[in-house]
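Subject: Structure handover

Dear colleague,

Here is the structure I said I would pass on. My notes on it follow below.

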Amino acid sequence: MHRIYENEDLVVFWNSEKCFHAKKCVTGSPKTFNINRKPWINLDEADNKEVWQAIEKCPSGALRCLYRHNIDVKADIENRRSVAYDGDKQVGECDYEESDGVWNIYHTEVLPEYEGKGIAKRLVFRLIEESERNMVRLEATCSYARKVIEE
Ligand code: SF4
């Protein structure tokens, strides 16, 4: 299972398949990471520096953190894509086609002036999370998306 958690400044990705519950994150920021709470990650309870440092202590690679840069990334299932917005301006998208219960990502693109902010990764992650919610398999002929999925 993959989940995305956000606050105003940070985006955190969690991959439960890699998480072996060493609980280093819990020790590093007990207010943020609490395995007895649902959702178990709450990014509004501690300052961002503490959250980031706790994530760096994760030994498994189950947690990843990026800055949000005020970019919203949303799933748009009706149009088979995830989309990134800077306010009202669309700055990136990740598109998939659907066949026999499989979503295949064939295109990922971010405007050149928005590159280097982790937006493409967030677009793919949004579809990973969404495909799990819809119980479909996710594949990618887009080489960038495939790399993110395989990570
Ligand atoms: S430190 Fe990493 S592996 Fe350990 S519980 Fe936290 S997320 Fe899971």
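The secondary structure of the protein chain amounts to four helices and eight strands. Helices (H or I, at least four residues) and strands (E, at least two) are DSSP runs, numbered from the N terminus. Along the sequence they follow the pattern β-β-α-α-β-β-β-β-β-α-β-α.

Please keep in mind that this is a predicted model: local features need pLDDT of at least 70, side-chain atom pairs count only at pLDDT 80 or more, and totals for chains, interfaces and linings use all residues. Residues are numbered from 1 along each chain as its sequence is written.

Overall dimensions

The C-alpha atoms of the protein chain fill a box of roughly 40 × 35 × 25 Å along the principal axes.

Domains

The domain assignment gives domain 1 (2-67) and domain 2 (72-150); such bounds come from an automatic or database domain assignment. Between the C-alpha centres of domain 1 and domain 2 the distance is 22 Å. Six residues from domain 1 and eight residues from domain 2 take part in the contact, where two residues are in contact if their C-beta atoms, placed from the backbone, lie within 7 Å. On the side of domain 1 that touches domain 2, strand 1 and strand 2 are the elements that give two or more residues. Strand 1 gives the most to that side, with three residues. By class, that side of domain 1 has four nonpolar, one polar and one charged residues. Here Ala, Val, Leu, Ile, Met, Phe, Trp, Tyr, Cys and Pro count as nonpolar, Asp, Glu, Lys and Arg as charged, and the others, Gly among them, as polar.

An open sheet of three strands has the order 1-2-3, with antiparallel pairing; two strands pair if DSSP finds at least two bridges between them. Strand 1 (2-6) and strand 3 (63-67) are at the edges, each with a single partner strand, so one side of each has no neighbour in the sheet. From one strand to the next, the twist averages 20°. Angles run from 0 to 180 degrees between N-to-C directions, and axes are lines fitted to C-alpha atoms, for helices over the stretch in contact.

Strand 1 and strand 2 (residues 10-15) pair in the antiparallel sense over five bridges, and they form a hairpin with three residues between them. The bridge partner of H2 in strand 2 is N15, while that of E6 is V11. Helix 3 (residues 119-133) lies across strand 1, strand 2 and strand 3, and runs at about 125° to strand 1.

An open sheet of five strands has the order 4-5-6-7-8, and its pairing is mixed. Its edge strands, strand 4 (72-76) and strand 8 (137-140), each pair on one side only. The twist in this sheet averages 25° from one strand to the next. Five bridges join strand 4 and strand 5 (residues 81-86) in the antiparallel sense, with D76 opposite R81 in strand 5. Helix 4 (residues 143-150) lies across strand 6 (89-99), strand 7 (102-110) and strand 8, at about 130° to strand 8.

Ligand surroundings

Around the ligand are C19, F20, H21, A22, K23, K24, C25, C58, S60, A62 and L63. A residue is near a molecule or strand if its C-beta atom, placed from the backbone, lies within 6 Å of it. This shell divides into seven nonpolar, two polar and two charged residues.

Backbone points to check by eye

Most residues other than glycine have a negative phi, and most peptide bonds are trans. H21, although not a glycine, has a positive phi of about 55°; H21 is in the loop between strand 2 and helix 1. A cis peptide bond joins K38 and P39, with omega about -10°. P39 is found in the loop between helix 1 (24-28) and helix 2 (48-56).

Regards
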